[in-house]
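Please read each one beside the sequence and the coordinates.

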Amino acid sequence: MKRSASQRAPEIQVETQGQMPPGVIGYAQEKVRALTGRTGEPVLFARVKLTHMANPAMERPAIAQANLDVNGRLARAHVAATTVTEAVDLLQDRLAARLERLEEHWEARRARRPAPGPHEWRHGSEPAHRPDYFPRPAEERQVVRHKSFSLARESPDEAAFELEMMDYGFHLFTDIGTGEDSVLYRSGPTGYRLAQVHPHPHLVGPVAVPLTVSDLPAPRMNVAGAKQRLDIVGLPFVFFADDTTGRGNVLYHRYDGHYGLISPSE
């Protein structure tokens with residue numbers, strides 16, 4: 001049963017950085033608030049961050065991010081556009097798709113049936129509106145964000161659900177079937193690719209999502225080596241095994257032109 005509007009609607013926090021058009025905070029609040037009725041579970045928290053990069057060379061300098069807590073389950077969206085207002089509109093569309101999927105997840109749990117796989121609800125090309133990263137010279141790039149946490153032990157299907165709900169470009173986790181640190185990312189318009197520290201393609205069980213598994217082990221290196229590889233290959237991230245711990249890590253390009261690093265905490 002749907003909850004009342006007063007129970008559903010949280011305060012929409014909006015943070016801004018850079019030059020903003022008049023009234024954009026209220027516009028963003030209105031757009032996100034209109035989505036809170038899309039799920040039967042209460043939206044406990046909602047935060048929007050709007051950024052306008054002061055760089056005339058960027059084709060899409062306006063970035064909009066949103067994080068919603070839907071009764072303990074997180075949903076996230078991240079888009080880029082030519083103007084802040086356009087970015088807010090795209091953000092609403094992207095969040096609507098995520099809340100639609102989350103409602104299907106809740107309904108499946110209530111009915112005790114499997115939830116549909118991500119390939120059954122994705123709309124169009126997911127990376128189409130992702131922010132470009134600022135073309136900062138390689139010598140100026142630094143690791144400005146290092147996230148270290150206990151990796152979730154889950155199946156590739158669960159990892160795909162997490163990737164889609166959180167609007168990630170990749171998802172680092174421990175594959176529950178093989179015990180290997182793994183990274184899942186999109187491959188083509190509808191499929192996914194799985195890479196592991198030590199590949200075990202034959203041990204990856206049946207999955208609902210269209211999945212291919214790399215048979216190449218993750219390269220073993222330190223962060224400096226990962227930086228060099230990332231700059232050479234021109235990809236959005238590099239998955240590697242830390243040369244000290246042997247655990248899977250991901251070094252990635254942030255939209256500000258610096259690096260982010262994700263590593264296991266244990």
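**Aspartate 242 and its surroundings**

1. Leaving aside its neighbours within four places in sequence, aspartate 242 is in contact (heavy atoms within 4.5 Å) with Arg220, Met221, Arg247 and Asn249. This is a predicted model, in which local features need pLDDT of at least 70 and side-chain atom pairs count only at pLDDT 80 or more, whereas totals for chains, interfaces and linings use all residues. Residues are numbered from 1 along each chain as its sequence is written, and side-chain values use heavy atoms, with hydrogens and water left out.

2. Aspartate 242 belongs to strand β12, residues 237-242; helices (H or I, at least four residues) and strands (E, at least two) are DSSP runs, numbered from the N terminus. Its relative accessibility is 15%, so aspartate 242 counts as buried, a term that means under 20% relative accessible area, with exposed meaning over 50% and partly exposed lying in between (1.4 Å probe, protein chains only). A polar atom of the aspartate 242 side chain lies 2.9 Å from the backbone nitrogen of threonine 245. Between the C-alpha atoms of aspartate 242 and serine 263, which are 21 residues apart along the chain, the separation is 8.8 Å.

**Other points**

3. Histidine 258 sits in the loop between β13 (248-253) and β14 (259-264), and it counts as buried because its relative accessibility is 14%. Its side chain reaches the backbone nitrogen of glutamine 142 at 3.1 Å. When residues up to four places away in sequence are not counted, histidine 258 touches Arg136, Glu140, Arg141, Gln142, Val144, Tyr252 and His253.

4. Helix α4 (residues 156-165) is mostly covered, with seven of its ten residues buried, among them Pro156, Phe161 and Met165. Aspartate 167 follows α4 and is placed in the loop between that helix and β7 (170-175). The phi of aspartate 167 is near 60 degrees, a positive value in a residue other than glycine, and at 1% relative accessibility aspartate 167 counts as buried.

5. Asparagine 71 also deserves a look: although it is not a glycine, it has a positive phi of about 50 degrees. Asparagine 71 is placed in the loop between β3 (62-70) and β4 (73-81), and with a relative accessible area of 35% it is partly exposed.

6. An open sheet of mixed pairing is formed by five strands in the order β6-β7-β8-β9-β10, where two strands pair if DSSP finds at least two bridges between them. Its edge strands, each pairing on one side only, are β6 (153-154) and β10 (211-213). Strands β8 (residues 181-187) and β9 (residues 191-196) run antiparallel and are joined by six bridges; leucine 184 has leucine 194 in β9 as its bridge partner.

7. Leucine 235, in the loop between α5 (223-233) and β12, counts as partly exposed because its relative accessibility is 47%.

8. As for the protein as a whole, it has five helices and 14 strands, and buried residues make up 47% of its 266 residues. Among contacts between residues at least 6 apart in sequence, 53% join residues at least 24 apart. The accessible surface, from the Shrake-Rupley method with a 1.4 Å probe (for residues, only the protein chains shown count as cover), comes to about 13,100 Å², of which 50% belongs to carbon and sulfur atoms.

Conventions
Polar contact = N/O pair within 3.5 Å; in protein donor to acceptor, adjacent residues only side chain to side chain.
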